[in-house]
Amino acid sequence: MIFLVLLIPILFYSIETLDEKYPVREVESFLYLPSGTFLKGAALGYDEMLGDLLWIRAIGYFGGHVRTDRNYTWLARLLDVVTTLDPLYQYPYEFGGVILAAEAGDVDQSIALLKKGMENVSVDDPRYWYFPFFLAYDYMYHKNDYLTAAHYLEQAAKFPRSPSYLPQLVARLYANADSPEVAVTFLQEMIKSTEKQDLKDRLKERLHQVIHRANMKILKQGLDAFYFKFQNYPASIEELVAAGILSGMPVDPRGGTYYISRDGRTIENTIPEEDLSVHVKKKERPRADDLPLPMRVPEEN
């Protein structure tokens, strides 16, 4: 207890004195921050108090650099220590998940911190769905991994406080990852569990589009299999069925009809296919204000 009584004032005094006496970069050249595990033992049960102190320090550290050199060398370390000392506190995870990727350009640290938040914060927290949401953004925007992005966004969409547009975005991501079959299953489950009729109607429309995308994928595979087997292209889809490559004629729930082009090389439909791809406009480095925060993303019509 004596150690704790001395430790807290010393930490406060050291931080304030160094900040006044030295520029930010000079302070950091002397900075040695023990691991969160070490400090958790040293705090003798006052983990949250020490975590709050370092959380304030992390905010000040970010604020100092965002106005100057935008060099955030110690930010990930500070946030890791804070969330180890107080693992149930949601905001440091969320703050770090956004800033480390958008401002510091450290996507892997952002992902690691968000995953740490998912492991520690209670799922009953009203903002818990932010964790999988921001993970989906990191994987989609920074890593072009649409399948993993869809996986996390699917988790976010299951929370009642998440925006109603998420299911349609999940379907787009799965379709973009060439996994329309998974999107079909997801949308069917969402339609069953949705009570709002307007959302149910939009989900059904999206489901029809994704089923069409799945049909096109199967038909194109069948076309390639037919050519591999017979060394020529079929004149109609019925030939694919007759050859045993397809079990039956696929039905377009949108009301269109599938057919093979005149040259036999492509599958077409009487109704144009809607673009289900996710368009991401790349920048040199996205700023925090550019992020599609859940409260800023408009609902999809």
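Which loop holds Arg 67? Arg 67 sits in the loop between helix H4 (47-66) and H5. The model is predicted: local features need pLDDT of at least 70, side-chain atom pairs count only at pLDDT 80 or more, and totals for chains, interfaces and linings use all residues. Residues are numbered from 1 along each chain as its sequence is written, and side-chain values use heavy atoms, with hydrogens and water left out. The protein chain has 13 helices and two strands. Helices (H or I, at least four residues) and strands (E, at least two) are DSSP runs, numbered from the N terminus.

**Confidence**

- The predictor's confidence in each residue is pLDDT, from 0 to 100.
- Mean pLDDT for the protein chain is 78, and 74% of its residues reach 70 or more.
- Over residues 1-30, pLDDT stays under 50. The model has 24 contacts beyond four places in sequence for residues 1-30, where contact means heavy atoms within 4.5 Å.
- Residues 291-301 also have pLDDT that stays under 50. For residues 291-301 the model has 30 contacts beyond four places in sequence.

**Chain overview**

- Of the 301 residues of the protein chain, 45% count as buried. Buried means under 20% relative accessible area, exposed over 50%, and partly exposed in between (1.4 Å probe, protein chains only).
- Take the contacts in the protein chain with a separation of 6 or more: residues 24 or more positions apart account for 60% of them.

- Two packed helices are described by the angle between their axes and the distance between the axes.
- Axes are lines fitted to C-alpha atoms, for helices over the stretch in contact, and angles run from 0 to 180 degrees between N-to-C directions.
- Helix H5 (residues 75-85) packs with helix H7 (residues 107-120) at an angle of about 5 degrees. Their axes are 11 Å apart.
- That angle makes H5 roughly parallel to H7. Angles under 35 degrees count as roughly parallel, over 145 as roughly antiparallel, 65 to 115 as roughly perpendicular and the rest as oblique.
- From H5, the contact uses Ala 76, Leu 79, Asp 80, Thr 83 and Thr 84. From H7, Gln 109, Leu 113 and Lys 116 meet them.
- By class, the residues of the contact of H5 with H7 are three nonpolar, three polar and two charged. Ala, Val, Leu, Ile, Met, Phe, Trp, Tyr, Cys and Pro count as nonpolar, Asp, Glu, Lys and Arg as charged, and the others, Gly among them, as polar.
- H5 is largely enclosed by the rest of the structure, because nine of its 11 residues are buried. Among them are Leu 75, Leu 78, Val 81, Val 82 and Leu 85.

**H6 and its packing on H8**

- The axes of H6 and helix H8 (residues 130-142) come within 10 Å and cross at roughly 10 degrees. H6 is therefore roughly parallel to H8.
- H6 contributes Gln 90, Tyr 93, Glu 94, Gly 97, Val 98 and Ala 101 to the contact. H8 contributes Tyr 130, Phe 131, Phe 134, Asp 138 and His 142.
- The contact of H6 with H8 has six nonpolar, three polar and two charged residues.
- Glu 94 belongs to helix H6 (residues 90-102). Glu 94 counts as buried, at 12% relative accessibility.
- The Glu 94 side chain makes a polar contact with the side chain of Gln 90 (2.8 Å). A polar contact is a pair of N or O atoms within 3.5 Å; within protein, one must be able to donate a hydrogen and the other to accept it, and residues adjacent in sequence count only if both atoms are side-chain atoms.
- Neighbours within four places in sequence aside, Glu 94 is in contact with Arg 127, Tyr 130, Phe 131 and Phe 134.

**Ser 110**

- Ser 110 is in helix H7 and is buried, with a relative accessible area of 0%.
- Its side chain makes a polar contact with the side chain of Asp 138 (2.7 Å).
- Leaving aside neighbours within four places in sequence, Ser 110 is in contact with Gly 96, Gly 97, Leu 100, Ala 101 and Asp 138.

**Loop residues**

- Arg 67 is exposed, with a relative accessible area of 68%. A polar atom of the Arg 67 side chain lies 3.1 Å from the backbone oxygen of Gly 63.
- Most residues other than glycine have a negative phi.
- Asn 144 is not a glycine, yet has a positive phi of about 55 degrees. Asn 144 is in the loop between H8 and helix H9 (146-157) and is partly exposed, with a relative accessible area of 46%.
- Gln 231, also not a glycine, has a positive phi of about 60 degrees. Gln 231 lies in the loop between helix H12 (197-230) and helix H13 (237-242) and counts as exposed, at 53% relative accessibility.
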